[in-house]
Amino acid sequence: MPLAWLLVLLPWAGAAVLGFLPRERVAALVNIGVSAAGFLLSLLLLAEPQGVTGWTRLDALNLPLLLLSSVVGLTTSVYSLGAIAAEGLDARRLRAFHVAFQLFMGAQALALLADNLGVMWVAVEIATLASVLMVGLHGTPAAIEAAWKFFILCGVGIALALLGTIILGLAAQAVPGEGEALSWAALLASAPRCDPGVLNLAFVFLLVGYGTKAGLVPLHAWLPDAEAEGPIAISAVLSGLLLNAALHAVLRVKAIVGANAETVPPGALLLAFGLASVLVAGFALWRRRDARRFFAWSSILHMGLAATGFGFGGVAGNLAGLLHMLGHSLAKSAVFFGIGAAVRLRGSQRIADLGGLCTTVPALGWALAISIAAVAGLPPFALFASEYLLVTEAAAQHPWAILPLGLGLLVAVAAKVQTLQALCFCDPPADRTTGRVDWTSLGPIWAHLVLALLLGVALPGPLRSMLGEAAGVGG
Amino acid sequence: MGFGQLPYDVAHLLGGGMLLLSFMLLYQRRVAAVVSVLAAQGAVLALAAAWQGFVQGAPQLYLTALIAAVAKAGLIPLALRWMIRRLALARGVDAALGIGPSLMAGVALVALAIMVALPITTGAQALAREDLAIALSVVLLGMLMMITRRNAILQVVGLMSLENGLVLAAVGIAGMPLVVELSIAALVMLVLVVAGVVVFQMRERLDSLDTLLLHPHRGEPE
């Protein structure tokens, strides 16, 4: 069996086993074991020859994202070992959590690996359904509201993406081509001969469909609610992985539609969604009082920035977008781990109740402060590098985009610095609780920060060339 | 293949039947009746898929038809009925938009679907084009139903009807991979299970399925 398939089947097998493990601690350890095996498999993939095997393909574009997924999956399962007990879930819900988590990880890998756009759609839908279950896990009215909103909005979104996929199949049906129907490579090859009108229609549906999943404005309404509910590990994987899978699908489709010179340039539509997300999220950050919602809005901002990069297109624009996706996943999951640990200590997720962490719990406070700085795009982390690339690309190719892009970025950075001060440096609330934070929370945060730092200042040579090649794949 | 030829006419008739049933979903006043109409739409979908299998000479479409018949005309309506009985739902349909305006909006959406789908698909086969226009209409009407109904079960029915439109679009296009059709069918069942879990929790905690009541529970008052 090809190694790539194992990466999908292993988590699903793990999910089946986890469904029968009643003991909390054992289940959490098995969960880590499965994620660690997935991480090793994704490292082995680096040595695999690239290309298509059956329904999966392995190329420079999905390889870095797969590696990232397995890293975040591993650190998140380590984090939940320490955190899940504090969530107050009964045995049945705890099993449901572990099963849904591994189901999600497998579907996420399949969504990135799929060569057939139909299979990609199926994978994104499975990942969505698994995360709906995780978001609603606590069963409080707020969690049910979030889960229902997530289910309905993403249900419609994903249905539109399927319609777009079917229309893409219709476009390709008219021109005889080789290869399996709906295969990405076959569609890319036949796109220049397809009817541009049908391709346009397909792209609109696919962009709106997968754009809903990626949380692009104005299709973002589900995201802040979903990331504020459910166990905090979910916020880390939703924000760090699911959004990437959706944006990766958009990028693949953009490459197909962009290959036909007579279509409406797909980059322009993507750019409009991206800039709208940057502006709306930049200002919305100022009105947030709930820490998890604040960082959920920051995810919308960062997805907007990555979409803007892909909208610019070309190797430089795509490279900026890809680097931004990688850097955002690492930094944002680190922030959610930190916020989760703080929420466990203080019993509230309001920013006002979480203040002064550096005074009361310095180990956590400083780790969180540095993570927030990384998310805000301060140097030397990866997001600074990608935002720098993005702005220089805008200045060189699309000077008009500087104004909305710069405005959104500055407003957002200011909001994040303010939140950074409120959470970490201001005076703690009156009932100061001191507590210890164990390695299961701090370890993942620092691991992510080190990786984000490496990505920002010392990109290893092979990874650099892989990202350069990936930027070419995106069209 | 064009008007006046049997394969085309029958496909058109079945597609038109699904569209008609989509309109019927919009004007039912009782939840149980809505579920019956959904079952009828599933049955017509099964016929449409079987007919396409016969016309295209694609045996795998018979499997799609069988799944549609078993799941969409049988299991899903049964499950929805069971949920309604189990939850002792109020029988009336609570609409955010009245029945008359809903139907008018529906007609406008169908016109929109035809205006979008027909002009741009001149290169494709006539059957695939018109099938797409009808399927797009069914999808849009399903969406309209999700928007204008406040009851959670009816929103799920809207989503199911929307997926019927997607399957109609997929079977109309020759050469769609079987795996896609199979997985759509499997996923619809999964969607229903997930929806059921959330709906039961909603009932348990909030004692109602009116989604309007959910809004005060947003985590952050503005």
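Visitor: A residue counts as buried if 20 or more other C-beta atoms, placed from the backbone, lie within 10 Å of its own, as exposed if 12 or fewer do, and as partly exposed in between. Is S371(A) buried or exposed?

Guide: S371(A) is buried, because 28 other C-beta atoms lie within 10 Å. This is a predicted model, in which local features need pLDDT of at least 70 and side-chain atom pairs count only at pLDDT 80 or more, while totals for chains, interfaces and linings use all residues. Residues are numbered from 1 along each chain as its sequence is written, and chains are lettered from A and ligands numbered from 1 in the order in which they are written.

Visitor: Where is S371(A) placed, and which residues is it in contact with?

Guide: S371(A) lies in helix α15 (residues 362-375) of chain A, where helices (H or I, at least four residues) and strands (E, at least two) are DSSP runs numbered from the N terminus. Contact means that two C-beta atoms, placed from the backbone, lie within 7 Å. Setting aside neighbours within four places in sequence, S371(A) is in contact with A331(A), A334(A), V335(A), G338(A), I445(A) and L449(A). S333(A) is 38 residues from S371(A) in sequence, and their C-alpha atoms are 9.0 Å apart in space.

Visitor: I445(A) is in α18(A), then. Which other residues of that helix are buried?

Guide: Besides I445(A), the buried residues of α18(A) are T440(A), S441(A), P444(A), H448(A), L451(A), A452(A), L455(A) and G456(A). They cover an arc of only 140° around the axis, which puts them on the same side of α18(A); the arc is that of the directions from the helix axis to the C-beta atoms. Exposed residues W439(A) and V450(A) sit on the face turned away from that buried side. The cover over the buried residues includes α3, α13 (314-346), α15 and α16 (382-397) of chain A.

Visitor: And what span should α18(A) have?

Guide: The expected span of a helix is 1.5 Å times one less than its number of residues. The 19 residues of α18(A) (residues 439-457) should therefore span 27 Å, and the end C-alpha atoms are 26 Å apart, which agrees.

Visitor: How about α2(A): which residues are buried there?

Guide: In α2(A), the buried residues include A27(A), N31(A), I32(A), V34(A), G38(A), F39(A) and L45(A). Seen down the helix axis, the buried residues of α2(A) fall within an arc of 160°, so they line one face. The face turned away carries the exposed R25(A), V26(A), L40(A), L43(A) and L44(A). Among the elements covering the buried residues of α2(A) are α1 (3-18), β2 (56-58), α3 (62-83) and α4 (91-113) of chain A.

Visitor: Stepping back, how many helices and strands are in chain A?

Guide: Chain A has 19 helices and 2 strands. Its radius of gyration is 21 Å, close to the 23 Å that the globule rule gives for 475 residues, so chain A is as compact as a globular protein of that length. That radius is taken over C-alpha atoms, and the rule is 2.2 Å times the number of residues to the power 0.38. Of the 475 residues of chain A, 64% count as buried.

Visitor: And chain B, what is its secondary structure?

Guide: Chain B comes to 7 helices and 0 strands, and buried residues make up 47% of its 222 residues. One of the buried residues is V156(B), with 26 other C-beta atoms within 10 Å, and its place is in helix α6 of chain B.

Visitor: How many residues does each chain give to the contact between them?

Guide: The contact takes 42 residues from chain B and 40 residues from chain A. On the side of chain B that touches chain A, α7(B) gives the largest share, 14 residues. By class, that side has 29 nonpolar, 9 polar and 4 charged residues, where Ala, Val, Leu, Ile, Met, Phe, Trp, Tyr, Cys and Pro count as nonpolar, Asp, Glu, Lys and Arg as charged, and the others, Gly among them, as polar.

Visitor: What confidence does the predictor give?

Guide: The complex has an ipTM of 0.88 and a pTM of 0.92. In pLDDT, the predictor's confidence in each residue from 0 to 100, chain A averages 89, with 98% of the residues scoring at least 70. Chain B has a mean pLDDT of 81, and 81% of its residues reach 70 or more. Among the elements of chain B, α7(B) has the lowest mean pLDDT (70).
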